[in-house]
Amino acid sequence: MAVPKQRQSKMRRDKRRAQHDKITAPNLITCPSCQERIPRHIACPACGSFRGGNIEKLVKPNL
Ligand SMILES: [Zn+2]
(Lines give C-alpha, C1' and ligand atoms only; values in the text may rest on other atoms or scores of the structure.)
Protein backbone atom coordinates (compact mmCIF):
# COMPACT_ATOMS: atom_id res chain seq x y z
CA MET A 1 0.00 0.00 0.00
CA ALA A 2 1.26 3.48 -0.86
CA VAL A 3 2.11 5.60 2.15
CA PRO A 4 2.82 9.35 2.03
CA LYS A 5 6.50 10.08 2.48
CA GLN A 6 6.02 13.43 4.14
CA ARG A 7 3.20 15.19 5.90
CA GLN A 8 1.59 17.92 3.78
CA SER A 9 1.65 21.41 5.24
CA LYS A 10 -1.58 23.01 6.45
CA MET A 11 -1.28 25.52 3.61
CA ARG A 12 -1.11 22.80 0.93
CA ARG A 13 -3.97 20.86 2.52
CA ASP A 14 -6.20 23.93 2.84
CA LYS A 15 -5.37 25.10 -0.68
CA ARG A 16 -6.53 21.72 -2.04
CA ARG A 17 -9.76 21.82 0.02
CA ALA A 18 -10.48 25.40 -1.01
CA GLN A 19 -10.97 24.25 -4.63
CA HIS A 20 -14.35 22.74 -3.70
CA ASP A 21 -16.30 25.86 -2.76
CA LYS A 22 -14.73 28.27 -5.18
CA ILE A 23 -17.14 30.79 -6.67
CA THR A 24 -16.91 31.28 -10.42
CA ALA A 25 -18.23 34.27 -12.33
CA PRO A 26 -21.68 33.71 -13.91
CA ASN A 27 -21.61 32.87 -17.60
CA LEU A 28 -23.36 35.92 -19.03
CA ILE A 29 -24.61 36.28 -22.59
CA THR A 30 -26.32 39.15 -24.35
CA CYS A 31 -30.03 38.54 -25.10
CA PRO A 32 -30.45 38.44 -28.89
CA SER A 33 -33.80 40.27 -28.84
CA CYS A 34 -33.38 43.00 -26.19
CA GLN A 35 -29.56 43.12 -25.68
CA GLU A 36 -29.95 42.55 -21.92
CA ARG A 37 -27.05 40.82 -20.13
CA ILE A 38 -28.49 37.51 -18.80
CA PRO A 39 -27.06 34.20 -17.50
CA ARG A 40 -26.93 31.29 -19.94
CA HIS A 41 -29.70 28.61 -19.96
CA ILE A 42 -32.23 31.06 -18.51
CA ALA A 43 -35.17 32.68 -20.29
CA CYS A 44 -34.60 36.42 -20.47
CA PRO A 45 -36.37 38.10 -17.50
CA ALA A 46 -36.85 41.30 -19.48
CA CYS A 47 -38.48 39.98 -22.70
CA GLY A 48 -39.07 36.23 -22.01
CA SER A 49 -37.08 35.03 -25.00
CA PHE A 50 -35.04 31.84 -24.98
CA ARG A 51 -32.97 30.48 -27.92
CA GLY A 52 -34.57 32.87 -30.36
CA GLY A 53 -38.24 32.24 -29.43
CA ASN A 54 -40.58 33.67 -26.79
CA ILE A 55 -40.77 31.10 -23.98
CA GLU A 56 -43.90 32.62 -22.38
CA LYS A 57 -46.09 31.03 -25.10
CA LEU A 58 -44.74 27.58 -24.17
CA VAL A 59 -44.99 28.01 -20.38
CA LYS A 60 -48.49 29.56 -20.21
CA PRO A 61 -50.33 28.65 -23.46
CA ASN A 62 -53.87 29.60 -22.30
CA LEU A 63 -53.15 33.03 -20.82
ZN1 LIG B 1 -34.39 39.75 -23.68
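Me: Where does arginine 51 lie, and why is arginine 51 called exposed?
Reply: In this predicted model, arginine 51 sits in the loop between β3 and β4 (53-54). The cut-off for exposed is 12 or fewer other C-beta atoms within 10 Å, and arginine 51 has 8, so arginine 51 counts as exposed.

Me: How many residues separate arginine 51 and serine 33 in sequence, and what is the C-alpha to C-alpha distance?
Reply: Arginine 51 and serine 33 are 18 residues apart in sequence, while in space their C-alpha atoms are 9.9 Å apart.

Me: What makes glutamine 35 exposed, and which loop holds glutamine 35?
Reply: Glutamine 35 belongs to the loop between β1 (28-30) and β2 (37-39). Exposed requires 12 or fewer C-beta neighbours, and glutamine 35 has 9 inside 10 Å, therefore the label exposed applies. Its backbone angle phi is near 60°, which is a positive value in a residue other than glycine.

Me: How do you know whether histidine 41 is buried or exposed?
Reply: A buried residue would need 20 or more other C-beta atoms within 10 Å, and an exposed one 12 or fewer; histidine 41 has 9, so histidine 41 is exposed. Histidine 41 is found in the loop between β2 and β3 (49-50), and its phi, near 60°, is again a positive value in a residue other than glycine.

Me: What share of the chain counts as buried?
Reply: Of the 63 residues, 0% count as buried, where the cut-off is 20 or more other C-beta atoms within 10 Å.

Me: Which elements make up the chain, and in what order do they run?
Reply: The chain has 2 helices and 4 strands, which follow one another from the N terminus as α-β-β-β-β-α.

Definitions and conventions
Residues are numbered from 1 along each chain as its sequence is written. This is a predicted model: local features need pLDDT of at least 70, side-chain atom pairs count only at pLDDT 80 or more; totals for chains, interfaces and linings use all residues.
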